[in-house]
Amino acid sequence: MPMPRRALAAAAVAFVLPLSACGSGGDDGGSTDASGKIEGDITFQTWNLRANFKSYFEGLVADFEKKYPGTHVKWIDQPAEGYPDKLSADAGGGTLPDVVNVSPDLVAPLARAGLALDLDKAAGKYKSEYLDGAWASHQVPGMSGTYAFPWYLNTGPLFYNKSLFIKAGLDPGQPPKTYGELFADALQMAKRSGGKVATLANVPTIEDFGRYGVTLMNKQGTAFAFNDAKGVELLTKYKELYDAKALDPQALTATPESSGKKFLTGAVAMNPGSALDLDNFKENAPSLYRNIGITDQITSTGHVNMYVMGVMVNSHTRHTPAAVAFAHFVTDAQNQMSFAKKVAIFPSTAGSLNDPYFNKEDGTDETRVRIAAAKSLKNAVNYTPVLFSDQMKTALRNEVAKALQGKESPKQALDNAVSAANRLLQQG
């Protein structure tokens with residue numbers, strides 16, 4: 001039951017840098033020493049944020065330039081569509097901005113190409129300001145170092161339709177808390193509804209295998225391993241759900257948007273989301289909103305999944321002190337908290353989630369979701385391996401589809417997916 005990435009930008013798509021990007025810009029790159037005077041002109045690139053947050057970022061830039069009079073920050077924003085390709089082209093052409101909004105899967109190829117500044121070396125003094133899991137999210141297996149400041153985080157609960165639970169003879173006050181309960185409830189829901197109501201709308205993704213407790217990669221980060229016995233067990237369970245119509249028949253081609261629509265119309269009983277969804281329910285499905293149930297993500301590990309955005313410094317910037325200072329400024333506790341109050345995201349800075357805004361109830365569902373998410377984020381994990389590229393995700397999805405359709409056994413499907421992912425890993 002994958003949760004759509006509810007960060008502000010569109011879902012990040014991993015990419016492989018062209019060979020020409022390796023070492024690009026190295027002939028006239030800047031220093032990795034961030035201890036000098038903070039001055040100079042730098043460029044800051046965000047990802048699909050100008051439309052809704054223009055005034056926030058203009059204010060952020062103005063505040064930084066006021067704090068450091070010798071600096072000038074040019075803010076540019078790229079559309080969500082094609083953002084990975086834009087980064088790849090800039091990396092290959094030596095035109096990567098000084099400070100760049102990235103996600104972990106986008107920073108990995110940049111780091112491997114020598115284009116992301118190692119913040120453990122250049123800005124390690126700031127590490128304690130951030131949640132441990134957030135700081136670690138921009139580390140790359142096989143490399144020492146951290147390659148972006150953690151920025152905003154997101155996670156969310158599972159929503160469920162209480163009226164559908166009642167019709168299926170399930171207790172709406174006792175939603176499933178474990179995978180065993182989830183699978184049992186889903187089978188009962190399908191049986192009672194004659195196959196008309198599925199409980200889940202998405203096939204399992206790599207993060208679902210992680211939440212189930214599957215070992216995703218070996219300890220060296222050199223090979224994937226999600227075809228172990230536990231991985232096969234999870235996919236076998238999903239095959240059972242699919243055959244019983246407890247998993248939506250259109251799950252093989254579902255998107256977060258299509259799954260959301262299924263939940264709105266009552267064709268699906270449970271769907272992951274965030275506080276952002278509550279307004280949508282209230283406006284577009286008032287009957288659903290009146291019957292909405294809210295429960296925690298299901299995990300076998302005790303750690304929920306989190307999505308994280310970061311701010312990377314180009315290792316070849318000509319103004320390293322200014323670029324590092326600005327990246328830190330964007331992601332410091334004060335500015336993250338300010339941003340979090342403008343939209344339903346969460347700061348990655350240590351201690352920020354203890355603010356009353358994230359733990360004081362006011363009786364509204366919106367606050368309830370925010371408080372629950374904030375609590376779970378304190379020890380959340382970004383399950384998607386930073387080296388798991390978009391091509392690998394496609395390979396896994398295709399093999400999962402074959403298993404659910406009965407064209408391959410769950411074991412064979414996962415063996416094939418792991419083989420494909422490992423081939424791509426070696427090519428990268």
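Reply: Let us begin with strands and their pairing. Helices (H or I, at least four residues) and strands (E, at least two) are DSSP runs, numbered from the N terminus. Two strands pair if DSSP finds at least two bridges between them. This is a predicted model, in which local features need pLDDT of at least 70, side-chain atom pairs count only at pLDDT 80 or more, and totals for chains, interfaces and linings use all residues. Residues are numbered from 1 along each chain as its sequence is written, and side-chain values use heavy atoms, with hydrogens and water left out.

Me: Which residue of E3 is the bridge partner of Gln45?

Reply: The partner of Gln45 in E3 is Val100. Gln45 belongs to strand E1, residues 40-47, and E1 and E3 run parallel, joined by two bridges. On its other pairing, E3 meets strand E8 (residues 307-313) in the antiparallel sense over four bridges. There Val100 has Met312 as its bridge partner in E8.

Me: Which residues point one way from strand E3, and which the other way?

Reply: Burial is needed here: buried means under 20% relative accessible area, exposed over 50%, and partly exposed in between (1.4 Å probe, protein chains only). In E3 (residues 99-102), Val99 and Asn101 point one way, Val100 and Val102 point the other way, and all are buried. Strand E7 (residues 292-295) gives a second case: Ile292 and Ile294 point one way, Gly293 and Thr295 the other, and all are buried. E7 pairs with strand E5 (residues 158-161) in the antiparallel sense over four bridges, and Leu158 stands opposite Thr295.

Me: Is Gln45 buried or exposed? What does Gln45 touch beyond four places in sequence?

Reply: Gln45 counts as buried because its relative accessible area is 0%. Contact means heavy atoms within 4.5 Å. Not counting residues up to four places away in sequence, Gln45 touches Ile76, Gln78, Tyr83, Leu87, Asp90, Pro97, Val99, Val100 and Asn101. With Tyr83 there is also a side-chain polar contact of 3.3 Å. A polar contact is a pair of N or O atoms within 3.5 Å; within protein, one must be able to donate a hydrogen and the other to accept it, and residues adjacent in sequence count only if both atoms are side-chain atoms.

Me: Which residues touch the most other members of the largest nonpolar core?

Reply: A nonpolar core is a set of buried Ala, Val, Leu, Ile, Met, Phe, Trp, Tyr and Cys residues joined through side-chain atoms within 4.5 Å. The largest has 124 residues, and Phe57 and Phe226 touch the most other members. Helix H13 gives the most to this core, with eight residues. A second, separate core of 11 residues includes Phe263, Ala275, Phe281 and Tyr289.

H13 spans residues 320-330 and contains Phe329. Phe329 is buried, with a relative accessible area of 9%. Beyond four places in sequence, its contacts are Leu60, Asp63, Phe64, Lys67 and Asn335.

Me: Why does the span of helix H9 agree with its number of residues?

Reply: The expected span of a helix is 1.5 Å times one less than its number of residues. H9 (residues 229-243) has 15 residues and should therefore span 21 Å, in agreement with the 21 Å between its end C-alpha atoms. Its buried residues are Gly231, Val232, Leu234, Leu235, Tyr238, Leu241 and Tyr242. Among the elements covering them are helix H7 (179-192), helix H8 (206-211), helix H16 (390-404) and helix H17 (410-427).

Me: Which residue follows H9, and what is its phi?

Reply: Lys245 follows H9, with a positive phi near 65°, although Lys245 is not a glycine. Lys245 is found in the loop between H9 and helix H10 (256-265), and counts as partly exposed because its relative accessibility is 45%. Asn48 likewise has a positive phi, near 60°. Asn48 is in the loop between E1 and helix H1 (50-67) and is partly exposed, at 34% relative accessible area.

Me: Over which residues does pLDDT stay under 50?

Reply: pLDDT is the predictor's confidence in each residue, from 0 to 100. It stays under 50 over residues 1-29, for which the model has 98 contacts beyond four places in sequence. The protein averages a pLDDT of 90, and 93% of the residues score at least 70.
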